[in-house]
Amino acid sequence: MYEELKGILVNDLQMRAEDIAPTAGREQVGLDSLAVLELATLLSGRFGIEIHDYELLEADTVADVVLLVEERRARAGAAGGTC
């Protein structure tokens, strides 16, 4: 999931790849509040999960964002996995 998130940050949000690391904070990566809103929209659409900008703003590091997305994807999979 980390590599997928890094790809979104670099390719979709035009962040610098060298600034992105699991321990990097939002400021180090270059995520301002507008970019966080765009990231929430991208993650929701791409992974079919519900994630809000305020949740991403509460994440201290890129790794925290990864954990949040993985948790939501697992929850979404569990809810829809009984087809």
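**Entry 1: the charged cluster**

I began with a network of salt bridges that links Glu55, Glu71, Arg72 and Arg75. I count a salt bridge when a side-chain nitrogen of Lys or Arg is within 4 Å of a carboxyl oxygen of Asp or Glu. By this rule I get eight salt bridges.

I note that this is a predicted model, so local features need pLDDT of at least 70 and side-chain atom pairs count only at pLDDT 80 or more, while totals for chains, interfaces and linings use all residues. I number residues from 1 along each chain as its sequence is written, and side-chain values use heavy atoms, with hydrogens and water left out.

I looked up Arg72 next. It is found in helix H5, residues 62–80. I take helices from DSSP runs (H or I, at least four residues), numbered from the N terminus.

Is Arg72 buried or exposed? Arg72 counts as buried, because its relative accessibility is 14%. My cut-offs are these: buried is under 20% relative accessible area, exposed is over 50%, and partly exposed is in between (1.4 Å probe, protein chains only).

I then checked the side chain of Arg72 against Glu55. A polar contact of 2.4 Å joins the two side chains. For a polar contact I need a pair of N or O atoms within 3.5 Å; within protein, one must be able to donate a hydrogen and the other to accept it, and residues adjacent in sequence count only if both atoms are side-chain atoms.

Glu71 also meets Arg72 in a salt bridge, at 4.0 Å from N to O. Glu71 is partly exposed, because its relative accessible area is 42%.

Which residues does Arg72 touch, not counting residues up to four places away in sequence? I find Ile49, Glu50, Ile51 and Glu55. Contact here means heavy atoms within 4.5 Å.

Glu55 itself lies in helix H4, residues 53–58. Its relative accessible area is 14%, so Glu55 is buried. With residues up to four places away left out, Glu55 touches Glu50, Leu68 and Arg72.

I moved to Arg73. Its side chain meets that of Glu4 in a salt bridge, 3.5 Å from N to O. This pair links distant parts of the chain: Arg73 is in helix H5, Glu4 is in helix H1, and they are 69 residues apart. Arg73 is partly exposed, with a relative accessible area of 33%. Glu4 counts as partly exposed at 38%.

I also looked at Glu18 and Arg16. Their side chains meet in a salt bridge of 3.5 Å, N to O. Glu18 counts as exposed, because its relative accessibility is 58%. Arg16 has a relative accessible area of 48%, so it is partly exposed.

**Entry 2: helix H1 and the residue after it**

Which residues of H1 are buried? I list Leu5, Ile8 and Leu9. They line one face of H1, because seen down the axis they fall within an arc of 95°. The arc is that of the directions from the helix axis to the C-beta atoms. On the other side of H1, I find Glu3 and Asn11 exposed.

Gln14 follows H1. I place Gln14 in the loop between helix H1 (2–12) and helix H2 (26–29). Its phi is near 60°, a positive value in a residue other than glycine. Gln14 is exposed, because its relative accessible area is 60%.

**Entry 3: helix H3**

I checked the length of H3. It has 15 residues and reaches 21 Å from its first C-alpha to its last, close to the 21 Å expected at 1.5 Å a residue. The expected span is 1.5 Å times one less than the number of residues.

The buried residues of H3 are Ala35, Val36, Leu39, Ala40, Leu43 and Phe47. They sit on the same side of H3, because they cover an arc of only 145° around the axis. The face turned away from this buried side carries the exposed residues Leu34, Thr41 and Gly45. Gly48 follows H3, and its phi is positive, near 65°.

**Entry 4: Leu42**

I ended with Leu42, placed in helix H3 (residues 33–47). Leu42 is partly exposed, because its relative accessible area is 21%. How far apart are Leu42 and Asp12 in sequence and in space? I read 30 residues in sequence and 8.5 Å from C-alpha to C-alpha. Leaving aside neighbours within four places in sequence, Leu42 is in contact with Ile8, Asp12 and Leu13.

Methods: Helices (H or I, at least four residues) and strands (E, at least two) are DSSP runs, numbered from the N terminus.
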